[in-house]
Amino acid sequence: MANTTTTVNGDSTSDNPEIILYTNHGCPWAHRAHIVIRELGLPYKEEIIDLDRPRDPWYLKINPRGLVPSVKYNGEIITESAIVSGFLADAHPSHLIPPSDGPDSKNALYRARVAFFVDTFFTKAMPKLFAAQRAEGATEKDSAAEELAEIFAKELEPLFTWDVVDGDSPFFGASKRLTLAEALTAPFVLRLIALSKPEYDLVSPKMMSMLESKTPKFAAWAKNVVKEESVTYVFDEKKVAERTKARLAKMAAAEKKL
């Protein structure tokens, strides 16, 4: 049986839905849902799913894919991290994302730009981030970090059209608070910064200096994102680093057997 805990954020009212979040605090995809729930101030219960062993039959009835996160929302099941996060943001209008039916299609345009930002992050940058984690030796790690920084410079830096560096509204579209764009990317930005620390020997320790040089807007945005409590409250840096090392070692061992 999964370990069950209860976490309450914000003020509980009769209007709050019954939410059960099936999650694992080490999973960056599940982390997205945590950020959204925290930003919305929704009370919820969570069930921790052990990702290091086969899923229990009871959980496969909830999500046949066995992945996290899943959410039970007033008895209805929603799965897949982006869908879970988007559903919660739409169900509870807030600073995260405007409704799509705003005046003169402005809200729809804003939502499209959020979607493009997130899509660019994952289709262009994430493959290079995974490659940077898998690189071996200082030279290879530095080279992989350089490639990642160049991708950020080419694909993401031009999307920061607001004053990220000196402005007082550093988040997507000059928002003073996190938006859905940050909620969906922050778990990976947080890991990028954390895992480039020298003590973990996972990503080149030159990573952040490269980003600051090549992508000053992205670097400034990233530093603001990882300061937010809703981004960090379930993140255990040391455990994530250890788990990442173990996962990479397992992958390397499996490849050697081929």
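Predicted model: local features only at pLDDT ≥ 70, side-chain atom pairs only at ≥ 80, totals over all residues.
Me: What makes helix 1 mostly covered?

Reply: Of its 13 residues, 11 are buried, and the term buried requires under 20% relative accessible area. Those buried residues are P28, A30, H31, R32, A33, H34, I35, V36, I37, E39 and L40. The elements that cover them include strand 2 (19-23), strand 3 (44-48), helix 3 (81-91), helix 4 (106-134), helix 6 (180-195) and helix 9 (229-232). Just after helix 1 comes G41, with a positive phi of about 70 degrees.

Me: Why is V189 called buried?

Reply: The relative accessible area of V189 is 1%, and buried means under 20%, so V189 is buried. V189 has its place in helix 6, and, leaving aside its neighbours within four places in sequence, V189 is in contact with F121, W221, A222 and V226.

Me: How many residues apart along the chain are V189 and P28, and what separates their C-alpha atoms?

Reply: V189 and P28 are 161 residues apart along the chain, while their C-alpha atoms are separated by 9.9 Å. P28 is one of the buried residues of helix 1, and P28 is also among the residues that lie nearest the centre of the largest pocket.

Me: What lines the largest pocket, and which residues lie nearest its centre?

Reply: The lining consists of 26 residues, with C27, P28, W29, R243 and R247 nearest the centre, and about 680 Å³ of space lies in this pocket. Helix 1, helix 4, helix 6 and helix 10 (237-257) each supply at least two of the lining residues, and the largest share, seven residues, comes from helix 10. Sorted by class, the lining has 14 nonpolar, five polar and seven charged residues.

Me: Why is A174 called partly exposed, whereas D201 is called exposed?

Reply: The relative accessibility of A174 is 38%, which falls between the 20% limit for buried and the 50% limit for exposed, so A174 counts as partly exposed. For D201 the value is 52%, which is over 50%, and D201 therefore counts as exposed.

Me: What kind of peptide bond joins V68 and P69, and where does P69 lie?

Reply: The bond between V68 and P69 is cis, with omega at about 5 degrees, and P69 lies in the loop between helix 2 (57-62) and strand 4 (70-73). Most peptide bonds are trans.

Me: Where does UniProt place the feature "domain: GST C-terminal", and how much of that stretch is helix?

Reply: The unreviewed UniProt entry places this feature at residues 107-248. Over those residues the chain is 69% helix and 0% strand, and the end C-alpha atoms are 41 Å apart.

Definitions and conventions: Residues numbered from 1 in each chain as written. Heavy atoms only, no water. UniProt positions renumbered as here; feature names shortened; annotations may be inferred. Helix = DSSP H or I, 4+ residues; strand = E, 2+ residues; numbered from the N terminus. Buried < 20%, exposed > 50% of the residue type's maximum accessible area, 1.4 Å probe, protein only. Contact = heavy atoms within 4.5 Å. 1 Å grid on protein atoms, 1.4 Å probe; cavity = no way out; pocket = protein on both sides within 12 Å on 5 of 7 lines; lining within 4 Å. Points joined across faces, edges and corners; volume = space filled by probe spheres on them. Nonpolar A, V, L, I, M, F, W, Y, C, P; charged D, E, K, R; others polar.
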